[in-house]
Amino acid sequence: MLLRLDRVACIRGDRLLFEDLSLSLAPGEALWLRGPNGAGKSSLIRVAAGLLRAAAGTVERFGRVALIDEAAALDAELPLRRALDFWARVDTVDGHTVDRAMAAMGLHPLAEVPVTMLSTGQRKRAAMVRVIASGAPIWLLDEPANGMDDAAQARLVAAVTTHRANGGAVLLASHFALGVPDLVERDMGALA
Amino acid sequence: MLIALFWRDLRRAWGSGALWLPVLFFLLVATAFPFAVGPDAPVLARTGGGMVWVAALLAALLPIDRLVRPDRDAGVLDQLAVRGVADEVIAAVKILAHAIGFGLPLLIALFPAAALLAQDAGRVETLATGLAIAIPALASLAVLSAALTAGLKGGNAIGGLLVLPLAVPLLIFGAGMLDPSGRGAVKLLAAVSLLLTAIGPFAAGAALRGLRE
């Protein structure tokens, strides 16, 4: 087991987003949180990441976590490669790992381009590089494909598939289907 | 990993000319002051030391809007939290980087500023010693107010107000060192600086944690 949420509730402001929500992810598993805007997908991801306290219930993580959310967390003024290298140092992984992750997301041609010049989809790919390179077994991906073109989405799906084959788990929040094979669905809209 | 964090903060503090901003501000005050009170050297010498302290405090608080808020908006703080880096550690690294990023240039700028304010060699030495003692505390207060106001719109303005009461003892004892009869001032300044520097990481860390809720 890599991630387990047991009867979790989340309150934002004075609004109950969801309650009594349980889920678990074993190595190789992937769960797709679907639902309309405001259903609580992002909040659930943040609760799973430990960034938000659950109002009730327990959250257990058995391994390191890699997170994508709406913010890329890359220094805008730096060239892409140097911005990614900062996180490689924080995660104590070497340059080859970053190289391979950049190749997986097809970002090598952009290595010297400042982050501020990148498009939304390119930034999402860069954030994905950080997730892949981190080597963390638990991936929490909040709308990872926003702004991505078809080719980039295919790379994302391939990266998720490789990660699962290597024994990782993926919690994916997205309002549209990504085409990841063998995906368990959880409709957040049905909870409310 | 902490070294990577530290270098990143220092690079961002010194990158794109931001290094000179607090220093220029500091020198601006030192330049403007003689015009305001008149060029009478004895008056300048007597009052200039206190002015240096006020200018140093304001220079420390000048960059608070870019100490924490950009990291929060860019998601860097969230990413560090996900990696299990304690908020207190992040705050401590930020305080250290700010102390060096703004403290070193400030100490260098002290010399031209002191000359503009007609401070003699003895007083310059006292000022340099006092500022060197107070810089960790000033950095600590700056990061604390930056963390407290990062979640507020237009928070910079109240940032200064928040830490002013805490900064008052630094001003009193720092400027008090210049008084020939104030021999105990340096010890009290060191005590206050130590206290503020020690509290800083925990208070700012708690404020960083609050930003996530």
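Two strands are said to pair if DSSP finds at least two bridges between them. Helices (H or I, at least four residues) and strands (E, at least two) are themselves DSSP runs, numbered from the N terminus. With these terms in hand, the model can be described piece by piece. The structure is a predicted model, in which local features need pLDDT of at least 70, side-chain atom pairs count only at pLDDT 80 or more, and totals for chains, interfaces and linings use all residues. Residues are numbered from 1 along each chain as its sequence is written, while chains are lettered from A and ligands numbered from 1 in the order in which they are written.

The complex receives an ipTM of 0.92 and a pTM of 0.91.

In chain A, strand β1 (residues 3-12) runs antiparallel to strand β2 (residues 15-25), and seven bridges link the pair. Two residues lie between β1(A) and β2(A), which form a hairpin, and A:G13 in the turn has a positive phi of about 65 degrees.

Chain A also contains an open sheet of five strands with parallel pairing, in the order β5-β6-β7-β3-β8. At its edges are β5 and β8 (184-187) of chain A, each pairing on one side only. From one strand to the next, the twist averages 15 degrees; axes here are lines fitted to C-alpha atoms, for helices over the stretch in contact, and angles run from 0 to 180 degrees between N-to-C directions. Four bridges connect β5(A) with the parallel strand β6 (residues 138-142) of chain A, and in β6(A) the partner of A:I68 is A:L141. Helix α5 (residues 150-165) of chain A packs on the sheet, where it touches β3 (30-34), β6 and β7 (169-173) of chain A, and its direction makes about 145 degrees with that of β7(A). Contact means that the C-beta atoms of two residues, placed from the backbone, lie within 7 Å.

Another helix of chain A, α4 (residues 120-134), has 15 residues and spans 21 Å from its first C-alpha to its last, close to the 21 Å expected at 1.5 Å a residue. That expected span is 1.5 Å times one less than the number of residues. Of the 15 residues in α4(A), 13 are buried; a residue is buried if 20 or more other C-beta atoms, placed from the backbone, lie within 10 Å of its own, exposed if 12 or fewer, and partly exposed in between. Just after α4(A), A:G135 takes a positive phi of about 75 degrees.

A:A73 is not a glycine, yet its phi is positive at about 55 degrees. This residue, A:A73, sits in the loop between β5 and α2 of chain A and counts as buried because it has 24 C-beta neighbours inside 10 Å. In chain B, B:A118 has a positive phi of about 60 degrees although it is not a glycine. B:A118 lies in the loop between α6 (87-116) and α7 (121-149) of chain B, and its 18 C-beta neighbours inside 10 Å make it partly exposed.

Finally, the two chains meet in a contact that takes 15 residues from chain A and 14 residues from chain B. On the chain A side, β5 (65-68) and α2 (80-90) each supply at least two residues.
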